[in-house]
Amino acid sequence: MKTRGNLLRGAVAALALCVLTAASALAGERVLHVYTWSDYFDSEVIADFERANNCRVFIDYFDSNESMYAKLKAGGGGYDVITPSSYMSAVMRSQGMLVDLDHALLPNLRYMDKNFTRLTEDPAMAYSVPYTRTVSGVGYDTKRVNPADLGTWDIFANGAYAKRMTMLNDMRETIGAALKHLGFSLNTTDRDQLRQAGDVVIAWKRNLAKFDVDEAKIGLASGEFIVIHGYNGDVALVMDENPDISFYIPAEGSSLASDDFVIASDSPSVDLAHAFINHMMDPDIALANMESIRYFMPNTDAAARLPADLAENPAFNVPDAIAEKCEVIRDLGEDNQAYIQVWDRIKAAE
């Protein structure tokens, strides 16, 4: 019944989107469809773009790179701009799912921090433009977690917090956490190392309430969960709401990633998609967006004007010493299948 209910709600949402799109077309407005992570744009930033371009922006959300990719491969298209992590951008480009970018339509590329593009699979920005820097770590309730238990990934093995913890519903992030915990690279292709990491996550799973992204951060804010594996910006937003919440990047290291703007190969509005990306790279827009969503953006002008409370927040602006312990998730080509097999085993485990 739950599955049917979700399908029904999805069908209703899709129908409503079609009606709104048709109404916008009749009104002479252009339409842009964006597929992204939740809480990833300031609402006024979107409204500014709509006013400036006489258009409507419709936004759908995904909670992992893999779920986004699966939906698109299953025929769930119709999107213009998508924000995958860089390793997934590379996968999508290799399969003809993205268009090459026209830099003449992106004059605000001049504000891009070129040192940041090393985190991406596309340093020349031929098909992708970095949007945010993300790092995963541990968000926790300072009043309900013993300080002696903090600092490493091993907190998920602690039965004292059983069923009050969550980990990301993301194959590469969660397997990667176990790999870093074991002292391995989160891009390893060694089957024995992957097997060991799978065993670790299965052991952790016994203490988890669920694998999740969006409900986890809501639960951390409300007190339903005590410890979550989450993205730094998501936890930073929770910290704004609840002063008892804090964040750390485990001592073993974690993932450091770029989420990118890309344009789908079947986009019906390629020029408007370019305009959207360029708008987001305007320094004033980037600054407003960072202050709202709490993710760092590699915009040199905007970064230089960050307010001190944000620039000094370690859940937003990751210190270099910590970032050096982290790795960028890379596309592993055919070896991605080995991670899928481990993830399937984890999900099937009791």
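## A covered helix

Which residues are buried in helix 9? In this predicted model, they are Leu-272, Ala-273, His-274, Phe-276, Ile-277, Asn-278, His-279 and Met-280. Helix 9 spans residues 270-280 and is mostly covered, with 8 of its 11 residues buried.

## Phe-276 and its ring partner

Phe-276 has a relative accessible area of 0%, so it is buried. The structure holds 17 aromatic pairs. In one of them, the ring centres of Phe-41 and Phe-276 lie 5.6 Å apart with the planes at 75°, so this pair is edge-to-face. The two residues come from distant parts of the chain, 235 residues apart: Phe-41 sits in the loop between strand 1 (30-36) and helix 2 (43-53), and Phe-276 in helix 9.

Phe-41 is buried too, because its relative accessibility is 12%, below the 20% cut-off. Both rings belong to a cluster linked by ring pairs, which also includes Tyr-40, Phe-49, Tyr-131, Phe-261 and Tyr-295.

## Two helices side by side

Now for another part of the model. Helix 6 (residues 191-205) and helix 14 (residues 336-348) have axes that come within 9 Å and cross at roughly 25°. The two helices are therefore roughly parallel to each other, and helix 6 passes helix 14 in a right-handed crossing.

Where they meet, helix 6 contributes residues including Arg-191, Leu-194, Val-201 and Ile-202, while helix 14 contributes Tyr-339, Val-342, Arg-345 and Ile-346, among them. By class, this contact has 8 nonpolar, 1 polar and 6 charged residues.

Methods: Residues numbered from 1 in each chain as written. Predicted model: local features only at pLDDT ≥ 70, side-chain atom pairs only at ≥ 80, totals over all residues. Heavy atoms only, no water. Buried < 20%, exposed > 50% of the residue type's maximum accessible area, 1.4 Å probe, protein only. Helix = DSSP H or I, 4+ residues; strand = E, 2+ residues; numbered from the N terminus. Axes fitted to C-alpha atoms, helices over the stretch in contact; angles between N-to-C directions. Parallel < 35°, antiparallel > 145°, perpendicular 65-115°, else oblique. Left-handed = near helix turned anticlockwise from the far one by under 90°. Contact = heavy atoms within 4.5 Å. Nonpolar A, V, L, I, M, F, W, Y, C, P; charged D, E, K, R; others polar. Phe/Tyr/Trp six-rings, centres within 6.5 Å; stacked < 30°, edge-to-face > 60°.
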